[in-house]
Amino acid sequence: MSKFWSPFVKDLVPYVPGEQPKLSRLVKLNTNENPYGPSPKAIAAMQAELSDSLRLYPDPNGERLKRAVAEHYGVRPEQVFVGNGSDEVLAHAFHGLFQHGKPLLFPDVTYSFYPVYCGLYGIEYEAIALDDNFQVDVADYARPNGGIVFPNPNAPTGCLLGLEAIERLLQANPDSVVLVDEAYIDFGGESAIALVDRYPNLLVSQTLSKSRSLAGLRVGLAVGHPDLIEALERIKNSFNSYPLDRIAIAGAAAAFEDREYFEQTCRQVIASREDLIASMQKLGFEVLPSAANFIFARHPQRDGRQLAEQLREQGVIVRHFKLPRVDQFLRITIGTPEQNQALLQAL
């Protein structure tokens, strides 16, 4: 510990991202990246920005991207916030919307950044146990809280909570912000953005890293009531007034405008996921129902950690979490059909 650190730094437990291996010729199925590249229109838009204009600051508000998102979802631009990946958007939400002196609620098996942000911003939290089928039961959230956050579909399980259940949660918590983290919603779910005009306490976050194949660009967004968006803008403008560069704004906006390519690649990932689930089940795996671009699977006769290690020896990397309740599961990203076949052969 450095004597120059602020006192709270030593108590932080940082998020650990999935491994980004330096070795080539690996089948990399551990970080939920899209196996298909970005929209060609997005690439062209980014290339067009590589000019003398890079000497100028970008639009601090990312208006072009906000308009593209608003048009895609049928909301108003003032209901849209954009930032550096959904992780930054989530950080601003934790900072600006969840510091009310009451515990934040989220599932016990969920995105591990949530407790990290609670530590960073001094937010008390309660982890609510998923049920025996690893599903969120909204009745379990009927307790005092300073906010609720969960991924939908959940990560790392891939299980989806329907809009009817989300609506019950919103109705039961009118005085708390409910943040639905939709990093994977485009692979089989219906976005809760459809509910934002009816529930001023709903904030929905999304990323362009998964379904729009732009993980390397770092663009995220949130949609909600203008009052919630204003809180995020105030935090952003007190922290980083130019979060998105010119290239990111151009590429992200074009990716939203190219609906045909987006829908085509989502269909390909979904079809591959269903094929992989069927093949894994034939090998004796139990696979949780997934609406994401990954599956969560365990084998009744094989240890999860050993499976992950033996797959790595075969040149296939998957994610294994050394966590209570799920240490026998592997989280496996949906790859191309060829990558999925290499996984199955290795198994």
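Let's start with Phe-81, which stands opposite Ala-222 in strand E8. This is a predicted model, by the way, so keep that in mind for everything I show today.

Strand E2, residues 80-83, is joined to E8 by 4 bridges, and the two run antiparallel. On to the other partner: strand E7, residues 202-207, also pairs with E8 in the antiparallel sense, this time over 5 bridges. If you want a spot to look for, Val-204 stands opposite Val-223 in E8.

So how much of strand E8 is buried? Of its 5 residues, 5 are buried, if you look at 220-224. And both faces are covered. On one side you have Gly-220, Ala-222 and Gly-224, and on the other Leu-221 and Val-223.

Okay, zoom out a bit. What is the order of the strands in the open sheet of 7? Going across, it reads E2-E8-E7-E6-E5-E3-E4, and the pairing is mixed. E2 and E4 are the edge strands, each pairing on one side only. Neighbouring strands in this sheet are turned by 20° against each other on average, ignoring direction.

For a parallel one, go to strand E5, residues 147-151, and strand E6, residues 178-181, which pair over 4 bridges. There, Pro-151 stands opposite Asp-181 in E6.

Helices pack on this sheet too. Helix H4, residues 113-121, touches E3, E4, E5 and E6, and its direction makes about 160° with that of E3. Helix H2, residues 63-73, lies across E2, E7 and E8, running at about 130° to E2.

Now for another sheet. This one is open as well, with 4 strands in the order E9-E10-E13-E12 and antiparallel pairing. Why is one side of E9 and of E12 left without a neighbour in the sheet? Strand E9, at 286-287, and strand E12, at 319-320, stand at the edges with a single partner strand each, so one side of each has no neighbour there. E9 pairs with strand E10, residues 294-298, in the antiparallel sense over 2 bridges. In that pairing, Val-287 has Ala-297 in E10 as its bridge partner. Helix H8, residues 259-282, packs on this sheet, touching E9, E10 and strand E13, which is 330-333. The direction of H8 makes about 10° with that of E10.

While we're in this part of the chain, have a look at Asn-340. It sits in helix H10, residues 337-346. Is Asn-340 buried or exposed? It's buried, with a relative accessible area of 5%. Leaving out residues up to four places away in sequence, Asn-340 touches Ser-272, Leu-276, Thr-333, Ile-334 and Gly-335.

Next, cysteines. How many disulfides does a search of the whole structure find? The count is 0. Take Cys-159: the closest cysteine sulfur, in Cys-266, is 19 Å from its own, which is too far for a bond. Cys-266 is in no disulfide either, with the sulfur of Cys-159 as its nearest, 19 Å away. Cys-159 is buried, at a relative accessible area of 4%. Cys-266 counts as buried too, at 5% relative accessibility.

Last topic: empty space. Rolling a probe the size of a water molecule over the atoms shows where it is left. The largest pocket here holds about 870 Å³ of space. It's lined by 39 residues, and those nearest its centre are Tyr-15, Tyr-111, Tyr-184, Arg-319 and Arg-331. Helix H3, at 85-97, strand E3, at 104-107, and strand E4, at 125-128, each supply at least two residues of that lining. Which of them gives the most to the lining? That would be H3, with 3 residues.

There are also 2 cavities of 30 Å³ or more. The largest cavity has a volume of about 50 Å³.

Definitions and conventions. Residues numbered from 1 in each chain as written. Predicted model: local features only at pLDDT ≥ 70, side-chain atom pairs only at ≥ 80, totals over all residues. Heavy atoms only, no water. Pairing = 2+ DSSP bridges. Contact = heavy atoms within 4.5 Å. Axes fitted to C-alpha atoms, helices over the stretch in contact; angles between N-to-C directions. Disulfide = S-S within 2.5 Å. Buried < 20%, exposed > 50% of the residue type's maximum accessible area, 1.4 Å probe, protein only. 1 Å grid on protein atoms, 1.4 Å probe; cavity = no way out; pocket = protein on both sides within 12 Å on 5 of 7 lines; lining within 4 Å. Points joined across faces, edges and corners; volume = space filled by probe spheres on them.
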